[in-house]
Protein chains: 2
Amino acid sequence: MIDKVKLTGHFTLPAQKGMDEEVKMLIEKWGVDAIRDSDGTALSPEILSMGPDIYSTICLIRVDQEWAKAHPDQCQQKFLMSFPITAEQDGELIIPIQKGYSREQFRIDAIHDPKKYWEVIDRTTGGVVPVDQWEFDEKHEDVIIQTAKKRHVYTVNFLVFQIWETTSMYNYITNNWSGEHQMGVDPHQPETGVHLLDYLDGWLKDHPQTDYVRFTSMMYQFPLIKGENRETLYLDWSGYLDAMSALALDQFEQKFGYRLRSEDIVDQGYYCSTDRVPKKPYQDWMTFTQEFVRDYTKQCVNKVHDAGKKAILFFCDHWIGTEPYLDGFDELGFDGIVGPCLSGVELRRISDVPGEMIKEVRLYPYFFEVNLQDEPVFKGNGVPVKECKKWWKGVRRALLRNCVDRIGFGGYLDLAIKYPDFLEYVGVLANEFRTVLDRTKKTKPYVISKKVAVLDCWGKARSWMHNDNWPKGHVPEFLSGFGADVVFINFDDIRQNGIPDDIGVIVNWGSADSAWSGGLHWKGPIILESIRDWVAHGGGFIGVDAPTAHEYQGRYFQLSNVLGVEKEIGHRAAWSKNICPSVETKHFILEDVTDKIDLNVAASSVHINSPDSELLAGAPDAVHLSTHSYGKGRAVYFSDYLLSAQNMRLLHRAILWASNLENELHKWFTSNIHTDCAFYPEVEEFIVMNNYEQDKETTIYSGDGKSSNISLGPMEMKWFKLTELNEILK
Amino acid sequence: MIDKVKLTGHFTLPAQKGMDEEVKMLIEKWGVDAIRDSDGTALSPEILSMGPDIYSTICLIRVDQEWAKAHPDQCQQKFLMSFPITAEQDGELIIPIQKGYSREQFRIDAIHDPKKYWEVIDRTTGGVVPVDQWEFDEKHEDVIIQTAKKRHVYTVNFLVFQIWETTSMYNYITNNWSGEHQMGVDPHQPETGVHLLDYLDGWLKDHPQTDYVRFTSMMYQFPLIKGENRETLYLDWSGYLDAMSALALDQFEQKFGYRLRSEDIVDQGYYCSTDRVPKKPYQDWMTFTQEFVRDYTKQCVNKVHDAGKKAILFFCDHWIGTEPYLDGFDELGFDGIVGPCLSGVELRRISDVPGEMIKEVRLYPYFFEVNLQDEPVFKGNGVPVKECKKWWKGVRRALLRNCVDRIGFGGYLDLAIKYPDFLEYVGVLANEFRTVLDRTKKTKPYVISKKVAVLDCWGKARSWMHNDNWPKGHVPEFLSGFGADVVFINFDDIRQNGIPDDIGVIVNWGSADSAWSGGLHWKGPIILESIRDWVAHGGGFIGVDAPTAHEYQGRYFQLSNVLGVEKEIGHRAAWSKNICPSVETKHFILEDVTDKIDLNVAASSVHINSPDSELLAGAPDAVHLSTHSYGKGRAVYFSDYLLSAQNMRLLHRAILWASNLENELHKWFTSNIHTDCAFYPEVEEFIVMNNYEQDKETTIYSGDGKSSNISLGPMEMKWFKLTELNEILK
């Protein structure tokens, strides 16, 4: 992809009409070599004629509002669950089903037979109310149950049309736009599907100067449900709710041989969120959606290629069904993938995408007045350079592990242009990025000899897609910049393939009975057998929060025999917590600890339950950090985790210790916890980097244990050729 | 029972051989009118001849050690679950079943066929290992499984004889005794049953001077399981494990028509602790035990009466099966009941026992060197008078609500006699107690017009038997001194009888899925229908911690629609917590708050989920205290609770508010949160009491809203006749 790394280029700028001079200036200052239009802006003929690559954005599902208006029955759909209502008497209960939900965003689907597609559920018993015992009053938008039971709680799962397309709505609300609401149509509807492909043909013809077509994205957005006052009710960055339609339900039945219930999607109101342990029907629904989306996407990409242009996927917004970590993503033919990126996790989410293609990240801050936390950035007392540094620090750390091809920004240039110190800093940042590219040639850095496996219900499909403590960062944020190969596995991977030999440690974390810790998957023997056996033979296991948690057969942590700790949830209250080791102060994991260990634990009810456990922080009946040996293997338990320099080193050492790789600590290592380093054997380049905004001293270690003391300026990235390095090592 | 209240008497002293002069002195100073022997002491002829009533203690099950030695197969039994062991390979697994458990306390029962009574369970699958796949190696005390599966965890439920009687063991260990261990025999064994009744006949003849026979208690102790190093592994003050025997299992089958499994008692190693939601087989086992114990107890009591003496039950130690709150307790014929008492709850546990009998409490500190927390009291730097005041304060508060007939102390007089200030203080305390008796004549104080109902799985049978935060106190400790009638109900009470009209508020608390909050009982309609309906018609509901918690149909707090709050356990993480009221500072419940509200909440994940909720403390997504209206009724949620003067007033007001009885606040009320008051209409007496060790001012209110300012000295109890009071009220 990258023919020649140069210290200019690899930078995409959001241009804006009427700012030609500013754009020219930034082409120089930032090394801009590609220009994109943002949603709601368009490029001027003058900029188009300036030479850089032109990225043009298209969002097919809302590109033709006339079509949408003419075909309201082909808008996208969704199941909603009406807010629970309690019957105050036996008999008739009137449920205003849309109450609480946005009327701007949703319109009840009165076209498709409610009795066929909807369900009315008694949430006090879990029973479905028979269809002959309720009616839909279309005029009043009520469901009327004739046989409600007094004091039972009822909900209705009902289909709606989404009459305000989600991304459009988000931008509209965030930027206080006025004017018409855009609708999103569903390409799954055959007529619309054909129309949009035709439209794309025309659009490609109308954009002769466009080099790259950026799809934002293909069809279905992750669900974002708004309430009556435009407040966000529900948001799941990986959810599949928005691919719904009456048509899809019917087709699903033909394909999978059973009918999907509304409740399979509504899921008691949890809406199958990514935090929930996924069940078979929902997984089938995902597969069904993926198959359609991919097929249609391939047709779109082919058209782009046929027009002599390249196709890029924006890995955000309407990305559902085109997950780049699902097998076969590279077969879709995309030439590149772009994603928003404010952390190491988000960097790796793009850079680790399998397949040869341009990987590009959109850095933060977006040139919007406020940030994602709604704090001022490009307005009032906002300090965009500070905001930028804050995120870049984490991104940069991950960049050393797997670099992307391009960076860029998004938003409105007229906002950014008013902050000269920001313009300067982005120039520095761009050169830091290009230096990584230039020095490393995108070769792979040295990693420890074993892999780190993250185990949850999603595995590879949701690689680098954990939102734990976003944007503050959690375990995956640490991993994004850690010098080890990281793989994401799910429980079926273990059931089918066991645990590969090249894995050094399995990490499992999350709240109890969630998709992240695994819930029900910890009940039943195969997973437990496999992991116990693998650890006993020398494997490592790191648990954070409620690892392996599922109350069964007298245990809460199902791998408590491996972890050496157990959580008290009130059932073993009559049992004394008798194993009371004192807190170890000497341990390989603790050797860089200088401050009191603070893992963000509010109250731990985890206790030591093996005489072989070592308590590293907390108390025997309120463990914060502990270790345990199991056969030849080792386990570490963290009762919570939050990023800090000290905690990152704790986890770094915990991984090495659990993997039985303590002897690899001082290989390509930097001693100061505020610094990171990487060595690229293929190009014989070494970098040591200061993550702190003050000078730092550190000792660096080469692969053969030689060392040298180094001084680093604030946030400095210091590169050495191996030959240079050898001169100072002793 | 009490013919004449006098300012002397009502006091039981533990006497000791060779301390006749001291006993005489205390008869004067403390008003002693009864003398008891303690375990391990006996009374001298001189004291016996001094006139006071004589209490003599008998513990039938260990009174004849010769018999025990001659009949080791008639010792008490228990099921133990071997500590979980993981098979490291397929095939043979050897489980040393008693490992981890005390060999002083238990001996494996090799007499009764293990294949009939024991179970070997694969805790990884939950499956029972067929009896032909394991053997018991009696010589090595191992169970050998032939067909173990690699990495599965196995346990064995096995029967043991208890070869060291629990109370005896406790005293022996606590007091560093040496000498022979006492065994406890099982009166359920017909031979032993007959023998002990004969023994009792002889004993009664041999104790002509004894007026009261104190049974300590009848047969089966609450379970206390010791480990290899005498450490306490398990302790459940209400458990029924110790009534076990092979014989009982066989008889159970005849009586109930099904065979009890060892696992019904072992319960995955939770041992059916009182914190667990009880299941049918365990409840049947309790019933079975109760029937036998009561029948045998009645025979013992009859013998005492036939000997012209009175019978007293010590409501501690071996009390299992003689719960005084089970229907029919009064039919056993006891003339009195005595219990240890260091709190208001423990006072009410005795004073509320249904039936006409002498109620007596044994106050703290016991005359032992150390207290129950193993801190020095009658030795070293112990300050017994301080210890005594600490507990008396809480006991005294409850005394005003329902007074007992007698107080007393336990332990060894030669320890107490060395502390003159303690001897003085007990004199004061005894007079405070006798003044309550004298003034109130044990009549009932004024209470608010509605009852408080505590709802859990145990109900009436476990009245005042919550050990929440013992000895620091929790909700029931507050209730023990609160001016309302308190009733204890369980879920079956509601299923069968609904909720009586005279209840003002239902209180439900405890950790999730425990016997206290109710767990599975919250699934399914009847309970939910009943409570919702009752609250909607004006009832009150107070939830603390995880009330009504059981994850089902999209809800965690099943009465979240009543409570107006819901707890996030990770399933609704994708849902915004959008209902964000600001913290109310004005509310009836808050009117006496002066300090920051501290309910001992480490981290609350409870959020407001109704727009009608009012947030009184905490944050909308981390509620500490909130209120909600539901129909005509009201609910209050506390995310935790711990006793303090301010928190007691919060709960006091919350009960009135939830019961719609705010207008009753200023009836027989004292304004200062460090004071309590009570009015006894039948005898027209009023008391206001300072719970603080410094002077306090307060305003007292009579039943008709008149008030007066009062000064109280440290810990002062100030009595008024109604006529006196009327003179100062305005």
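**A lysine and its surroundings**

Modeller: K389(A) is partly exposed, with a relative accessible area of 26%; buried means under 20%, exposed over 50% and partly exposed in between, with a 1.4 Å probe and protein chains only. The model is predicted, so local features require pLDDT of at least 70 and side-chain atom pairs pLDDT 80 or more, whereas totals for chains, interfaces and linings use all residues, and side-chain values rest on heavy atoms without hydrogens or water. Residues are numbered from 1 along each chain as its sequence is written, while chains are lettered from A and ligands numbered from 1 in the order of writing.

The partner of K389(A) is E693(A), and their side chains form a salt bridge of 3.9 Å, N to O. This pair ties together parts that are 304 residues apart in sequence, because E693(A) is in the loop between strand 33 (685–690) and strand 34 (696–701) of chain A, and K389(A) is in helix 11 (residues 384–399) of that chain. Helices (H or I, at least four residues) and strands (E, at least two) are DSSP runs numbered from the N terminus. A salt bridge is a side-chain nitrogen of Lys or Arg within 4 Å of a carboxyl oxygen of Asp or Glu. E693(A), with a relative accessible area of 43%, is likewise partly exposed.

Another pair in chain A joins D502(A) to K451(A), with the closest N and O atoms 3.0 Å apart. D502(A) is in the loop between helix 15 (491–497) and strand 22 (503–510), and K451(A) is in strand 20 (residues 451–455), so this bridge connects parts of chain A 51 residues apart in sequence. D502(A) is partly exposed at 33% relative accessibility, and K451(A) is partly exposed at 25%.

Chain B has a salt bridge between K451(B) and D502(B), where the closest N and O atoms are 3.0 Å apart. Here K451(B) belongs to strand 19 (residues 451–455) and D502(B) to the loop between helix 15 (491–497) and strand 21 (503–510) of chain B, so the parts tied together are 51 residues apart in sequence. K451(B) is partly exposed at 26%, and D502(B) is partly exposed at 35%.

Over all chains, the whole structure holds 89 salt bridges. One network of salt bridges links D33(A), E360(A), R362(A) and R406(A).

R532(A), in helix 16 (residues 525–536) of chain A, presents another case. R532(A) is buried without a salt bridge, and D122(B), the nearest side chain of opposite charge, is 6.7 Å away; Lys and Arg count as positive and Asp and Glu as negative, with His and the chain ends not counted. The side chain of R532(A) does make a polar contact of 3.0 Å with that of T124(B). A polar contact is a pair of N or O atoms within 3.5 Å; within protein, one must be able to donate a hydrogen and the other to accept it, and residues adjacent in sequence count only if both atoms are side-chain atoms. Leaving out residues up to four places away in sequence, R532(A) touches residues of both chains, including Q558(A), Y630(A), R151(B) and H152(B), contact meaning heavy atoms within 4.5 Å.

H195(B) is buried, with a relative accessible area of 18%, and lies in helix 6 (residues 190–206) of chain B. Beyond four places in sequence, H195(B) touches D64(B) and W67(B).

Apart from neighbours within four places in sequence, I542(A) is in contact with residues including V505(A), V507(A), F638(A) and L651(A).
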